[in-house]
Number of protein chains: 2
Amino acid sequence: VNWTVEEWSARIAAGDQRALARGLTAIENRTPPAAGLLKAIYPHTGRAAIVGLTGPPGAGKSTLADRLIEAARNQGRRVGVLAVDPSSPYTGGAILGDRLRMMRHHTDPGVFVRSMATRGALGGIAAATFHAALLMDAAGFDLVLVETVGVGQDEVDVARLAHVTIVVLVPGMGDDVQALKAGIMEIAGVFAVNKADRPGARQLVSQIRGTLQLVHPSLENAPPVLETVATEGKGVPQLLEAALARRHEASLEQRIEGWKSRLRQMLVERIAEQMAPADLDQAARRIAEGRQDPFTIADELLERILRR
Amino acid sequence: VNWTVEEWSARIAAGDQRALARGLTAIENRTPPAAGLLKAIYPHTGRAAIVGLTGPPGAGKSTLADRLIEAARNQGRRVGVLAVDPSSPYTGGAILGDRLRMMRHHTDPGVFVRSMATRGALGGIAAATFHAALLMDAAGFDLVLVETVGVGQDEVDVARLAHVTIVVLVPGMGDDVQALKAGIMEIAGVFAVNKADRPGARQLVSQIRGTLQLVHPSLENAPPVLETVATEGKGVPQLLEAALARRHEASLEQRIEGWKSRLRQMLVERIAEQMAPADLDQAARRIAEGRQDPFTIADELLERILRR
């Protein structure tokens with residue numbers, strides 16, 4: 001197939017899933033047509049809610065994702081899912097066992113699931129994930145669910161690019177997890193206390209609310225904290241509702257903040273692509289051989305990139 | 001105090017901990033003297049082993065860090081610790097409960113503990129962490145232990161900058177954690193199967209070895225996989241030994257690879273600092289108001305940065 005960018009984007013906008021799949025591949029691999037395709041598709045975007053789903057391992061994110069898809073489908077919404085995976089040169093984009101559960105939606109034409117692999121790209125995976133979500137938006141999906149594994153900076157970056165992010169926590173995890181909340185507080189649009197039938201759920205809800213109150217004294221406009229039992233589907237429609245409401249309440253100022261994050265991320269990734277591998281190779285060799293200090297060399301490389 | 005960069009670096013090299021602490025602050029906040037200080041200090045570096053310690057929440061990293069410090073101190077080594085924390089605008093660099101355990105080393109002048117906060121910096125925290133480690137190296141610490149929380153791209157970046165990274169895993173974690181291993185495989189210099197007194201430890205060891213064998217068929221030069229019970233200190237001296245051996249075995253080619261990662265990271269962070277906040281603000285507003293598409297705007301901003 002040899003579509004022009006115009007044909008390609010028209011096909012995506014018309015709901016052609018093969019055109020969409022190829023578009024996602026172009027974005028993931030950062031091949032040349034991706035940039036043109038994104039510009040062409042942009043006027044077709046703006047309808048979908050891009051909802052992040054993040055939280056520590058073991059919080060039940062995949063089960064919750066499955067139930068959120070179900071809830072959205074029951075309301076007649078079409079759902080795109082982006083599963084952001086860590087990957088390695090060995091496995092090249094792992095298929096997560098947990099995700100197989102989403103397979104029950106695989107025969108439903110109103111659900112489109114796609115994995116995004118971190119390819120050790122310099123700028124991370126956040127911008128590419130956002131671009132992929134835009135493509136799904138243009139293709140007519142009403143909800144684009146972006147599920148991340150892990151709780152590091154990469155996940156925070158991905159969450160920042162979403163319209164609203166659901167942070168999933170569970171009762172009874174240790175100090176580590178409590179600490180992670182710090183980094184995650186700023187990106188949470190809605191909290192889900194999952195496995196809420198376990199002891200400690202109520203305390204966790206109060207704990208989260210207590211922390212939120214430091215910033216939102218009256219808890220007005222604070223992110224809602226909802227209890228879910230994903231394995232039974234309990235509380236999930238309400239969670240979806242809360243996330244969608246949050247997206248629609250966003251003020252112009254909040255949308256500007258969102259675009260600032262996205263632009264920043266897009267720029268870092270683009271600049272990273274400007275670096276000539278041979279220059280980098282030679283520079284690293286000079287340092288390793290003790291011939292020059294890394295800071296002077298970094299200055300030189302920077303000069304060269306900026307002069308291009 | 002108003003030291004020149006020369007005095008400042010001389011003081012650090014002489015082991016003045018106040019000068020070191022102020023240097024670390026300059027690096028963390030990216031204030032102007034940091035760059036000059038790093039160049040001045042660089043000739044004093046190269047002696048320390050910079051050892052990363054990473055793994056999922058609940059793997060017992062902090063207890064292991066505590067025991068590694070103990071083991072290194074028993075051998076008469078001086079130890080610097082960098083604890084890389086997620087943080088938020090609210091908490092501004094969380095103090096992790098778990099880390100308090102390291103406090104028992106606080107009165108030991110041969111141990112210097114410092115937290116590094118992710119300040120939502122564009123380029124992440126990896127380069128700053130590496131710079132901080134170099135400062136500790138120059139200050140005469142023989143071992144610089146870099147402990148990260150979480151398992152995202154940021155942790156992978158930090159680990160890449162270390163000389164060698166210990167990846168801590170525990171038996172009995174779910175699919176999520178197994179998947180995380182994929183991303184982590186490429187950065188692991190040594191594996192610690194912690195809580196090795198629990199059921200499933202042996203299987204986990206074989207599982208890791210099995211995966212390693214895909215790349216190192218004879219398991220020669222493969223990262224060693226060691227069992228530890230950090231709470232009792234079991235296996236910890238051997239783990240330290242293995243990490244230090246790994247660092248000393250690094251070939252010139254491996255050291256060149258290490259410097260490539262470091263340079264790349266340093267450059268991304270520096271370029272990110274070139275962006276004028278006002279430009280970004282205005283650009284984001286134009287997108288949010290629907291006046292222009294983000295891709296055309298990103299092109300324009302990129303032009304402006306590269307032309308500076």
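This is a predicted model: local features need pLDDT of at least 70, side-chain atom pairs count only at pLDDT 80 or more; totals for chains, interfaces and linings use all residues.
Both faces of strand 5 of chain A are covered. On one side A:Val164, A:Ile166 and A:Val168 are buried. Strand 5 of chain A spans residues 164-169, and six of its six residues are buried, so the strand is largely enclosed by the rest of the structure.

**Strand pairing in chain A**

Strand 5 of chain A pairs with strand 1 (residues 49-54) of chain A in the parallel sense, over four bridges. Within that pairing, A:Leu53 has A:Ile166 as its bridge partner in strand 5 of chain A. Strand 5 of chain A also pairs with strand 6 (residues 190-193) of chain A, in the parallel sense and over four bridges. Here A:Ile166 has A:Val190 as its bridge partner in strand 6 of chain A.

**Strand 4 of chain B**

Strand 4 of chain B covers residues 143-148. Six of the six residues are buried, so this strand is largely enclosed by the rest of the structure. B:Leu143, B:Leu145 and B:Glu147 are buried on one side. B:Val144, B:Val146 and B:Thr148 are buried on the other. Strand 1 (residues 49-54) of chain B pairs with strand 4 of chain B in the parallel sense, over five bridges. B:Leu53 stands opposite B:Glu147 there.

| Strand pair | Sense | Bridges |
|---|---|---|
| Strand 1 and strand 5 of chain A | parallel | four bridges |
| Strand 5 and strand 6 of chain A | parallel | four bridges |
| Strand 1 and strand 4 of chain B | parallel | five bridges |

**The nonpolar core**

The largest nonpolar core has 112 residues. Among those with the most contacts inside it are A:Val144 and B:Val144. B:Val144 also lies on one of the covered faces of strand 4 of chain B. A:Ile12, A:Leu20, A:Leu263, B:Ile12 and B:Leu263 complete the list of residues with the most contacts in the core.

A:Ile12 touches A:Ala19, A:Leu20, A:Leu37, A:Ile41, A:Leu135, A:Ala138 and A:Ala139, leaving out residues up to four places away in sequence.

**Helix packing**

Two packed helices are described by the angle between their axes and the distance between the axes.

In chain A, helix 1 (residues 5-13) packs on helix 2 (residues 17-29) at an angle of about 120°, with the axes 8 Å apart. The two helices are therefore oblique to each other. Their crossing is left-handed. Helix 1 of chain A contributes A:Trp8, A:Arg11 and A:Ile12 to the contact. These meet A:Ala19, A:Leu20, A:Arg22, A:Gly23 and A:Ala26 in helix 2 of chain A.

In chain B, the axes of helix 1 (residues 5-13) and helix 3 (residues 33-41) come within 9 Å and cross at roughly 55°. That makes helix 1 of chain B oblique to helix 3 of chain B. The crossing is right-handed. B:Val5, B:Trp8, B:Ser9, B:Ile12 and B:Ala13 in helix 1 of chain B meet B:Pro33, B:Gly36, B:Leu37, B:Ala40 and B:Ile41 in helix 3 of chain B.

**B:Leu37**

B:Leu37 sits in helix 3 of chain B. Its relative accessibility is 1%, so B:Leu37 counts as buried. Beyond its neighbours within four places in sequence, B:Leu37 is in contact with B:Val5, B:Trp8, B:Ser9, B:Ile12 and B:Gly23. The C-alpha atoms of B:Leu37 and B:Glu6 are separated by 7.8 Å, while the two residues are 31 residues apart along the chain.

Methods:
Residues are numbered from 1 along each chain as its sequence is written. Chains are lettered from A and ligands numbered from 1 in the order in which they are written. Side-chain values use heavy atoms; hydrogens and water are left out. Buried means under 20% relative accessible area, exposed over 50%, partly exposed in between (1.4 Å probe, protein chains only). Two strands pair if DSSP finds at least two bridges between them. A nonpolar core is a set of buried Ala, Val, Leu, Ile, Met, Phe, Trp, Tyr and Cys residues joined through side-chain atoms within 4.5 Å. Contact means heavy atoms within 4.5 Å. Axes are lines fitted to C-alpha atoms, for helices over the stretch in contact, and angles run from 0 to 180 degrees between N-to-C directions. Angles under 35 degrees count as roughly parallel, over 145 as roughly antiparallel, 65 to 115 as roughly perpendicular and the rest as oblique. A crossing is left-handed if the near helix is turned anticlockwise from the far one by less than a right angle, and right-handed if clockwise.
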